Amino acid sequence: MLKVRDDYFKGPASLYSQVELGELTGEMDEHGVEKAVLMYSMAKPSKTAVEFAEKCPDRFSLAINGVDLLHPVSSLRELESLVASLPVVYTTAGPSFWGDGQYPPTDAVYYPLYYKCAELGLPLCMNTGLPGPPIPGEVQNPIYLDRVCYRFPELRLCMIHGADPWWDTAIRLLMKYENLRLMTSAWSPKRLPDSLIHFMRTRGRNKIIFGSDWPVLRMSRVVPEALALDLPHDVLENYLYNNAHEFFFTDRSARDRALRNQE
């Protein structure tokens, strides 16, 4: 990611510097951001993310990455324990970012994760679209999720980081499957394609979720760009708040009850 910072984003050395809680909540307040989801890695646990969530539980929740898909039993036990003890609202998998990009989402290595997320009612976010870093990207073609959605209709699945250059494929999948969403994280709102904006205005009012990619794309950039989109007020409200609230937060109580029943 340091190479990505220097060669792809052309960012300053301070891009990944440690952030203070007040700095982050100050930026959120300035741009009307009520809630943020912070990444927590099972491979490299972040005390900062957990501390922020503990200090401001009304502002911060967690997303978990780093499930070991090649050794899933113990790793998924750890994931279930984290979901039970922390304010986790989703987990993630990036097909291009592990295993040398050799495992598309249809590969059986993902099946234990799909089953566990469906069992817990835990949304799963998967990277789609060609990645920015110079790593293999074919496995992030959203067409692979066609078979995943078909085989796991109970799985709450969200494509993240857009779907470039396969936007039209992603839109068709969103039309087909009730359990599928798309998040525009790591994507500048002013760069979103016209086809997606049209979909948001029409059949996709409840399908597209706003996201930043802080600190690479800061709220000071992406929130004003989102507000400037040519969208009706109700569609914009869905994009910026309602769709994320419904998909990631409304079923939290149901997941909590399911976990308590398993104890």
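Here are some numbered notes on this predicted model, taken from the whole chain down to single residues.

1. Let's start with the overall picture. The protein chain holds 11 helices and 7 strands. Of its 263 residues, 51% count as buried. If you take the contacts in the chain between residues at least 6 apart in sequence, 73% of them join residues at least 24 apart.

2. Next, please look at the pairing of E2 with E3. Strand E2 (residues 60-65) runs parallel to E3, and 3 bridges join the two. Across this pair, Ile64 is opposite Thr91 of E3.

3. Thr92 deserves a moment of your time. This residue belongs to strand E3. Is Thr92 buried or exposed? Its relative accessibility is 11%, under the 20% cut-off, so Thr92 counts as buried. Apart from neighbours within four places in sequence, Thr92 is in contact with Met39, Ile64, Asn65, Leu124 and Cys125.

4. From E3 we can move on to E4. Strand E3 (residues 88-93) and E4 run parallel and are joined by 3 bridges. Ala93 has Met126 as its bridge partner in E4. Together with helix H5 (residues 111-120), E3 and E4 make a right-handed β-α-β unit.

5. H5 itself has several residues to check. Which residues of H5 are buried? They are Leu113, Tyr114, Lys116, Cys117 and Leu120. In an α-helix there are 3.6 residues a turn, so residues three or four places apart point the same way. Just after H5 comes Gly121, with a positive phi of about 70°.

6. On to the pairing of E4 with E5. Strand E5 (residues 157-160) pairs with E4 in the parallel sense, over 4 bridges. Met126 is opposite Met159 of E5. To get from E4 to E5 the chain passes through helix H6 (residues 144-151), and this β-α-β crossover is right-handed.

7. His161 is partly exposed, at a relative accessible area of 28%. Pro165 has its place in the loop between E5 and H7 as well, and the peptide bond leading from Asp164 to Pro165 is cis, with omega near 5°.

8. Now for a helix pair. Two packed helices are described by the angle between their axes and the distance between the axes. For helix H7 (residues 167-176) and helix H8 (residues 194-201), the axes come within 9 Å and cross at roughly 20°. That angle makes H7 roughly parallel to H8. On the H7 side, the contact is made by Trp167, Asp168, Ile171, Leu174 and Met175, and on the H8 side by Ser195, Leu196 and Phe199. The crossing of H7 and H8 is left-handed.

9. Ala186 is in the loop between strand E6 (180-183) and H8. Its phi is positive, about 65°, although Ala186 is not a glycine. With a relative accessible area of 26%, Ala186 is partly exposed. Further along, Trp214 and Pro215 are joined by a cis peptide bond with omega about 10°. Pro215 is found in the loop between E7 and helix H9 (219-227).

How values were computed: Residues numbered from 1 in each chain as written. Predicted model: local features only at pLDDT ≥ 70, side-chain atom pairs only at ≥ 80, totals over all residues. Heavy atoms only, no water. Pairing = 2+ DSSP bridges. Right-handed = clockwise from strand over helix to strand, strands pointing away. Axes fitted to C-alpha atoms, helices over the stretch in contact; angles between N-to-C directions. Parallel < 35°, antiparallel > 145°, perpendicular 65-115°, else oblique. Left-handed = near helix turned anticlockwise from the far one by under 90°. Contact = heavy atoms within 4.5 Å. Buried < 20%, exposed > 50% of the residue type's maximum accessible area, 1.4 Å probe, protein only.
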